[in-house]
Amino acid sequence: MLRQTTRLRELLKAGKTLFIPGCFNPMSARVLDQVGFPAIYMSGYGTSLSVTGLPDAGLITLTEMVANARAIASVIRVPLIADADNGYGNAINVIRTVREFIGAGVAGIHIEDQVAPKRCGHVAGREVITVEEAAGKMRAAAATRDELDPEFVLIARTDARGAHGGSLDDAIRRANAYLAAGADLAFVEGPTSMDEVKRVCREVKGPVFYNMTGVSPRFSLEEMQALGIAVTISAGALMRTALAAMHDLAVKLRDQGPMAEARFAQEFAKHPLGDLHTFAGFDQIRTWEREFLSPEALNKYQDSVGHVPKG
């Protein structure tokens, strides 16, 4: 079987814009996997909010991010690209960061040039380190990649476009410096217009990674293909959808009482994922039980009440 890093490399070589929605935990990743996306992105914003309940403002740790990535990678069948924030320190810290994500089964990460503590790339108040320091961090990341898994994909993100005192000119200059330092793709965060995106695609000397969210314009796949964008992510769409759905049901439960859940359950049963126990994987559990436990162990299904897995 091909490693997921190799699978991601092959997808990047296909020559078409790779559109990757973002997940925020293993459950949301499994939804994307089941729907059939060829790769999945782990949102840093979504991870911070779902794991810690805190905003994407440099409050989540490397350990927490890698733990979420490892859990996600272990339950999906396609490559995972993860947000690795600013590498959680200087170039020496970046070495461990790359090691940890490779060890977690992740196919690629992006590392940004923000100061610590960092923050979401579409929230004001960002600052960036010097291009020299950031390029050194990327060289460290590339050296670690080449040592452990040359197929691992490194994406260099610059927040210089929207940072305090920054500009698009500086962002493009930095993106090219990071590509020269060993990055596989360049990620200019937060362009604010079609003209700015065109400049990025024209002047960045390597494959472009694009985040279609926040202040940045939206494009169809055909438009992105024409622009020459290699990868685009929709990082927070599933998270926003989940938040909206949970809020709306919570309001109904508060105002209408427990029968609101009964009405919801009737509607959910009609949904493609309405058989929740099957989606969760109980059929697989019964298959494993049949394969690895004694025949007598399966007798428990004969007179118990509830969902009966197929297995």
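Predicted model: local features only at pLDDT ≥ 70, side-chain atom pairs only at ≥ 80, totals over all residues.
I then looked up its place and found Phe282 in helix H13, residues 282-292. Phe282 also belongs to a nonpolar surface patch with Ile285, Trp288, Phe292 and Leu293. Together these residues have about 530 Å² of accessible area.

Next I went to the nonpolar cores. The largest has 50 residues. Val98 is listed among those with the most contacts inside this core, alongside Leu80, Phe101, Val106, Ile109, Met138 and Val204. A second, separate core has 15 residues, including Tyr41, Leu185, Phe187 and Ile233.

Then I checked His110: buried or exposed? His110 is buried, with 0% relative accessible area. Its place is strand S4, residues 108-112. Setting aside neighbours within four places in sequence, I noted contacts from His110 to Tyr41, Phe187 and Phe209, among others. Also on its contact list are Ala82, Asp83, Ala84 and Asp85, as well as Ile155 and Arg157.

My last stop was helix H6, residues 131-148. Buried residues in H6 include Val131, Met138, Ala141, Thr144 and Arg145. Among the elements that cover the buried residues of H6, I noted helices H1, H5 and H7, along with strands S4 and S5.

Methods:
Residues numbered from 1 in each chain as written. Heavy atoms only, no water. Patch = residues over 30% accessible without salt bridge, like charges linked within 9 Å, V, L, I, M, F, W, Y side chains within 5 Å. Areas by Shrake-Rupley, 256 points an atom, 1.4 Å probe, with all protein chains shown as cover. Salt bridge = Lys/Arg side-chain N within 4 Å of Asp/Glu carboxyl O. Helix = DSSP H or I, 4+ residues; strand = E, 2+ residues; numbered from the N terminus. Buried < 20%, exposed > 50% of the residue type's maximum accessible area, 1.4 Å probe, protein only. Contact = heavy atoms within 4.5 Å. Core = buried A, V, L, I, M, F, W, Y, C linked by side-chain atoms within 4.5 Å. Expected span 1.5 Å × (residues − 1).
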